[in-house]
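Hi,

Here is the structure I promised to pass on to you. Have a look around it first, and then read my notes below.

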Amino acid sequence: MPQDHPALQPWQEHGWPDHLQILLDSYYQLLGEQLVPRSGSAEEDARRVFEAPFVVVSHTAASDPILNFGNQTALGLWEIDIETLMQTPSRMTAEPMHRDERAQLLERTTRDGYVDDYQGIRIATTGRRFRIEQAIVWNLTNAAGDYVGQAATFDQWTFLDA
């Protein structure tokens with residue numbers, strides 16, 4: 001059946017172009033460098049983040065934050081689809097025994113704006129465990145200066161034996 005318009009790509013959905021502008025702007029404001037080269041187009045920047053060869057994830061500002069973005073590298077690492085990711089509390093990315101450590105990281109990030117030396121154990125939806133290293137976690141603030149969540153990026157991880 002022919003379509004009148006091409007299907008949207010994942011990075012064009014879920015309000016991600018606008019969300020990722022906040023994510024990229026916040027990263028630049030806090031760390032003084034670009035996460036990905038900026039193009040001047042929200043849709044192109046969103047594609048660049050979604051297709052990046054490193055993990056980029058973010059969650060909401062709720063008291064029990066829900067994941068609201070994961071790029072294709074993150075989706076593959078956590079072995080999760082976009083619809084499931086968008087309903088997942090971010091605490092579920094860590095095993096129960098590692099959640100206190102994760103909570104301390106998020107508190108430190110909230111206080112300091114960003115953390116650039118994080119490492120910790122995470123778990124995929126299939127139970128596969130991995131250690132992330134040299135992760136950067138930062139606060140997300142919109143143009144009005146309102147806190148809207150946190151994001152993380154890393155490009156180093158090691159799968160652990162079960």
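**Starting from one loop**

Let's begin with Ala 124, which sits in the loop between E3 and E4. Please keep in mind that this is a predicted model. Is Ala 124 buried or exposed? With a relative accessibility of 6%, Ala 124 counts as buried, because the cut-off for buried is under 20%. Leaving aside neighbours within four places in sequence, Ala 124 is in contact with Leu 77, Trp 78, Glu 79 and Phe 130.

Strand E3 covers residues 114–123, and it pairs with E4 in the antiparallel sense over seven bridges. To see the pairing for yourself, look for Gly 120, which stands opposite Ile 132 in E4. The hairpin of E3 and E4 has five residues between the strands, and in this hairpin Gly 127 takes a positive phi near 95 degrees.

Now follow the chain along E4, residues 129–141, which pairs with E5 in the antiparallel sense over six bridges. The hairpin of E4 and E5 also has five residues between the strands, and there Gly 145 takes a positive phi near 85 degrees.

E5 itself, residues 147–154, is mostly covered, with six of its eight residues buried. A general point to have in mind as you turn the model: in a regular strand, the side chains alternate between the two faces of the sheet.

**The nonpolar core**

The largest nonpolar core has 41 residues, and those that touch the most other members are Leu 23, Leu 35, Trp 78 and Trp 138. E4 gives the most to this core, with seven residues.

Trp 78 deserves a click of its own. Leaving aside neighbours within four places in sequence, its contacts include Val 55, Val 57, Thr 93, Arg 122 and Ile 123. Ala 124, Thr 125, Phe 130 and Phe 154 are also in contact with Trp 78.

**Aromatic rings**

How many aromatic pairs does a search of the whole structure find? The search finds eight. One of them joins Trp 11 and Phe 50 in a tilted arrangement, 6.0 Å centre to centre with 45 degrees between the planes. Trp 11 lies in the segment before helix H1 (16–31) and Phe 50 lies in helix H2 (residues 42–50), so this pair ties together parts that are 39 residues apart in sequence. Trp 11 counts as buried at 12% relative accessibility, and Phe 50 counts as buried at 5%.

Phe 130 and Phe 159 form an edge-to-face pair, 6.2 Å centre to centre with 70 degrees between the planes. Phe 130 is in strand E4 and Phe 159 is in strand E6 (residues 156–159), so the pair ties together parts that are 29 residues apart in sequence. Phe 130 counts as buried, at 0% relative accessibility, whereas Phe 159 is partly exposed, with a relative accessible area of 37%. Both belong to one aromatic cluster, formed by Trp 78, Phe 130, Phe 154, Trp 157 and Phe 159.

**Stepping back to the whole chain**

The protein chain has five helices and six strands, and along the sequence they follow the pattern α-α-β-β-α-α-α-β-β-β-β. The C-alpha trace spans about 50 × 40 × 25 Å along its principal axes. A compact globule of 162 residues would have a radius of gyration near 15 Å, and the 16 Å of the protein chain agrees with that.

Of the 162 residues, 44% count as buried. Among contacts with a separation of 6 or more, 48% are between residues 24 or more positions apart. The accessible surface comes to about 8,600 Å², and 49% of it belongs to carbon and sulfur atoms.

Enjoy exploring!

Key: Residues numbered from 1 in each chain as written. Predicted model: local features only at pLDDT ≥ 70, side-chain atom pairs only at ≥ 80, totals over all residues. Heavy atoms only, no water. Buried < 20%, exposed > 50% of the residue type's maximum accessible area, 1.4 Å probe, protein only. Helix = DSSP H or I, 4+ residues; strand = E, 2+ residues; numbered from the N terminus. Pairing = 2+ DSSP bridges. Core = buried A, V, L, I, M, F, W, Y, C linked by side-chain atoms within 4.5 Å. Contact = heavy atoms within 4.5 Å. Rg over C-alpha atoms; globule rule 2.2 N^0.38 Å. Areas by Shrake-Rupley, 256 points an atom, 1.4 Å probe, with all protein chains shown as cover. Phe/Tyr/Trp six-rings, centres within 6.5 Å; stacked < 30°, edge-to-face > 60°.
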